[in-house]
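Work through the exercises below with the model open. Try each task before reading its solution.

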Amino acid sequence: MADREYRTLKVEREDGVTFLYFNRPEKRNAMNPTLLAEMVDALDWLETDPDTQILVLTGAGDAFTAGMDLKEYFRELDDQPEARLKALWNLRMFHHTRLAGFAKVTIAMVNGWCFGGGFSPLVSCDLAIAAEEAQFGLSEVNWGIIPGGFVSKDVVHALSYRHAFWYALTGETFDGKRAAEIGLVNLAVPRAELRARTLEVARHLMQISPMVLRATKEALRVVPQLGWDEAFDYLMAKQAWLRANDPERSRDRGIRQFIDEKKYRPGLGPQPREG
Ligand code: COA
């Protein structure tokens, strides 16, 4: 089936990895209402797209995303309550439901500017790899607003309490190396190596059963919201769900390869898939 066409997004494919681009480079990929609606549609489509094993979210040109569109999302929607409601709904769906809840592993590949509202799609991805040259900033205080949408929640979740307060209150910018130091991204590499390093991580992940990855990411996302007893019960149930639903029967295969065949142990990398 042909790829869908969008006005503000672009899709690129490479061997099971789908690169989904914010594609308004002339506006530094600022998120306007059209982009929010198209993101909801694209993520809905790609979640069940058989050619997408890993999703990489990135930006066209010099920016990952310059955050919410100050003109089209803020100023122009001020006196359009219905359009504003629709945009807010799509913002929630995009960041929280569709992206954070995506059934396959997602990687934010931060190629350049990442400001304000851009922190939400960044944190909603499971993993993040940045260009050392990328610039990050919680610039909201400079616009007379707070880090709204999910941004405040995302930053206290992803950063230490002190770092979250520091960057939200000062609006100070920082580069990809600093983003890795404070744990906002997993690693930072020179921009020239960004795509190759991201593909390397994606290829490693594609050696692991997709159902095992899905259950693992769902477990990690849900347990912080639960008490200890509920988390224990939830994880026991999730484990049983995985055993019943993993078509590769990875648990049985792994134990067989380790105990009976003595050909696999974890230090050797991902468990060899069969068939
Ligand atoms: N909302 C709306 N438009 C934006 C935008 C945003 N968040 N970020 C950039 N743009 C637009 C600019 O208005 C400009 O439009 P124009 O060509 O019609 O004048 C175009 O994108 C290019 O921006 P420019 O500032 O000239 O590019 P630059 O490469 O010199 O700087 C940034 C890039 C990202 C540093 C700068 O655009 C910026 O600071 N943007 C605001 C980021 C921000 O604080 N976002 C949080 C919003 S809550």
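The exercises cover the ligand site, backbone angles and salt bridges of this predicted model.

**Exercise 1. The ligand shell**

Task: Find which residues are around the ligand, and state how the shell divides by class.

Solution: 
- Step 1. List the residues with a heavy atom within 4 Å of the ligand. They are Glu26, Lys27, Arg28, Ala30, Ala66, Met68, Asp69, Leu70, Trp113, Phe115, Ser139 and Trp143.
- Step 2. Sort them by class. The shell holds seven nonpolar, one polar and four charged residues.
- Step 3. A polar side-chain atom of arginine 28 lies 2.9 Å from a ligand oxygen. In the side chain of tryptophan 143, an N or O atom is 2.8 Å from an oxygen atom of the ligand. Alanine 66 uses its backbone: a polar atom there is 2.7 Å from a ligand nitrogen.
- Step 4. Check the cover. On its own the ligand has 860 Å² of accessible area, and the protein covers 62% of it.

**Exercise 2. Positive phi**

Task: Determine where arginine 28 and lysine 262 are found, and describe their phi values.

Solution: 
- Step 1. Recall the background. Most residues other than glycine have a negative phi.
- Step 2. Take arginine 28. Its phi is positive, about 50°. The residue sits in the loop between β2 (17-22) and α1 (33-47).
- Step 3. Take lysine 262. Phi is again positive, near 50°. This lysine is in the segment after α11 (250-260).
- Step 4. Classify exposure. Exposed means over 50% relative accessible area. Lysine 262 has 67%, so it counts as exposed. Arginine 28 has 40%, so it is partly exposed.

**Exercise 3. Salt bridges**

Task: State how many salt bridges the model has, then examine the pairs aspartate 126 with lysine 217 and glutamate 181 with arginine 178.

Solution: 
- Step 1. Count them. The total is 25 salt bridges.
- Step 2. Take aspartate 126 and lysine 217. Their N to O distance is 2.8 Å. The pair links distant parts of the chain, 91 residues apart: aspartate 126 is in the loop between α4 (119-124) and β7 (127-131), and lysine 217 is in helix α9 (residues 210-222).
- Step 3. Compare burial. Buried means under 20%. Lysine 217 has 8%, so it is buried. Aspartate 126 has 24%, so it is partly exposed.
- Step 4. Take glutamate 181 and arginine 178. Their closest N and O atoms are 2.6 Å apart. Both residues lie in helix α7 (residues 176-181), three residues apart, about one turn of the helix.
- Step 5. Look for shared partners. Lys10, Glu12, Glu14, Arg195 and Arg203 are joined into one network.

Note on methods
Residues are numbered from 1 along each chain as its sequence is written. This is a predicted model: local features need pLDDT of at least 70, side-chain atom pairs count only at pLDDT 80 or more; totals for chains, interfaces and linings use all residues. Side-chain values use heavy atoms; hydrogens and water are left out. A residue is near a molecule or strand if one of its heavy atoms lies within 4 Å of it. A polar contact is a pair of N or O atoms within 3.5 Å; within protein, one must be able to donate a hydrogen and the other to accept it, and residues adjacent in sequence count only if both atoms are side-chain atoms. Accessible areas come from the Shrake-Rupley method with a 1.4 Å probe; for residues, only the protein chains shown count as cover. Ala, Val, Leu, Ile, Met, Phe, Trp, Tyr, Cys and Pro count as nonpolar, Asp, Glu, Lys and Arg as charged, and the others, Gly among them, as polar. Helices (H or I, at least four residues) and strands (E, at least two) are DSSP runs, numbered from the N terminus. Buried means under 20% relative accessible area, exposed over 50%, partly exposed in between (1.4 Å probe, protein chains only). A salt bridge is a side-chain nitrogen of Lys or Arg within 4 Å of a carboxyl oxygen of Asp or Glu.
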